[in-house]
Amino acid sequence: MVLVASDALGAPCWLSLTARDRDTAERFYREVLGWTFRRDTFGRAFSVAEHNGVPVAGIGAVAGELAVPVVWTPYFAVDDADQAVARVRERGGTVGVGPVSYPPRGRAALATDLEGAVFGLWEGTIEEQWRVGEDAPAWLELHTRNAFEAAFFYGEVLEWATVDDPTGCCDVSYEEDQVVLRRSGTPVARLNSGPVEQASPKPQRRPRWLVHFKVPDLVAATAAVNAHGGTVVEEEGATRVTVSDPDGGLFTLDEVAT
């Protein structure tokens, strides 16, 4: 663990699953993704998932306690959670939880953007080895009605770099109808426009941050999902499938050659 570096402020810094039953979630992700788990200093309700000794994500059995849905959530590093929460509200977003203190590590808040996609804010220490992006075990994609409008919202809330203020953590570029967020030249998230419905009965059709986990064998991983209480929600070609865990947490499996 290290203090948030100045060049990390505004960038994705963690992935977390809010679960109802941590033990059930751990068994599922151990079988599907090969993760191991260690207890975390946040408390007995939290654990850290690792793959080959590298931290990938956190699982917290707090969905019932905080009255929040079971969902995979990306967290973004900020230097002041109160100010970041104020920026969310000023720009039309909603703050659902927090900031909540987790001494001595830091403070967290959960918010939704203009379209209703859930994201987190984190002020405090981060996992130094954690990575997200094209060369990491996981990558992030925002599915939203208008990626350009979303980029303005997140850019202002998280103080991403702009032409007028190039000092922010991340560079934003527009490529093939996508907004691509890069930190130190490496893509860490993509924002995509698409058909979404906030009130859709199908969660995968609502605006949301999609969390993609990479697997070497999609057929085997999908079989493990079905065998351990999960559900296949939507197949997207030969190398990608959206699934849910036994608690209803949505995520996407991407087959990547090793």
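Q: At roughly what angle do the axes of helix H3 and helix H4 cross?
A: This is a predicted model in which local features need pLDDT of at least 70, side-chain atom pairs count only at pLDDT 80 or more, and totals for chains, interfaces and linings use all residues. Residues are numbered from 1 along each chain as its sequence is written, and side-chain values use heavy atoms, with hydrogens and water left out. Helices (H or I, at least four residues) and strands (E, at least two) are DSSP runs numbered from the N terminus, while axes are lines fitted to C-alpha atoms, for helices over the stretch in contact, with angles from 0 to 180 degrees between N-to-C directions. The axes of H3 (residues 81-90) and H4 (residues 147-158) come within 8 Å, and they cross at roughly 150°.

Q: Is H3 roughly parallel or roughly antiparallel to H4?
A: Angles under 35 degrees count as roughly parallel, over 145 as roughly antiparallel, 65 to 115 as roughly perpendicular and the rest as oblique. With a crossing at roughly 150°, H3 is therefore placed, relative to H4, as roughly antiparallel.

Q: How do the residues of the contact of H3 with H4 divide by class?
A: Contact (heavy atoms within 4.5 Å) is made by Ala 84, Arg 87 and Val 88 on H3, and by Phe 153, Glu 156 and Val 157 on H4. Ala, Val, Leu, Ile, Met, Phe, Trp, Tyr, Cys and Pro count as nonpolar, Asp, Glu, Lys and Arg as charged, and the others, Gly among them, as polar. The residues of this contact are four nonpolar, no polar and two charged.

Q: Which residues of H5 make the contact with H1?
A: Helix H1 (residues 22-33) and helix H5 (residues 218-227) pack with their axes 8 Å apart at an angle of about 155°, and are therefore roughly antiparallel to each other. The contact has five nonpolar, no polar and one charged residues. On the H1 side it involves Phe 28, Glu 31 and Val 32, and on the H5 side Ala 221, Ala 224 and Val 225.

Q: How many residues apart in sequence are the parts that the pair of Trp 14 and Trp 130 ties together?
A: A search of the whole structure finds 20 aromatic pairs, counting rings of Phe, Tyr and Trp (its six-membered ring) whose centres lie within 6.5 Å, with planes under 30 degrees apart stacked, over 60 edge-to-face and the rest tilted. The rings of Trp 14 and Trp 130 have centres 6.1 Å apart and planes at 55°, so this pair is tilted. Trp 14 lies in strand E2 (residues 12-18) and Trp 130 in the loop between strand E9 (118-126) and strand E10 (138-144), so the separation in sequence is 116 residues.

Q: What is the relative accessible area of Phe 37?
A: Trp 35 and Phe 37 form an edge-to-face pair, 6.4 Å centre to centre with 70° between the planes. Buried means under 20% relative accessible area, exposed over 50% and partly exposed in between (1.4 Å probe, protein chains only), and Trp 35 counts as buried at 3%. Phe 37 is buried too, with a relative accessible area of 19%.

Q: How far apart in space are Ser 184 and Ala 8, C-alpha to C-alpha?
A: Ser 184 lies in the loop between strand E12 (178-183) and strand E13 (186-193), and is exposed, with a relative accessible area of 64%. Although Ser 184 and Ala 8 are 176 residues apart in sequence, their C-alpha to C-alpha distance is 9.6 Å.
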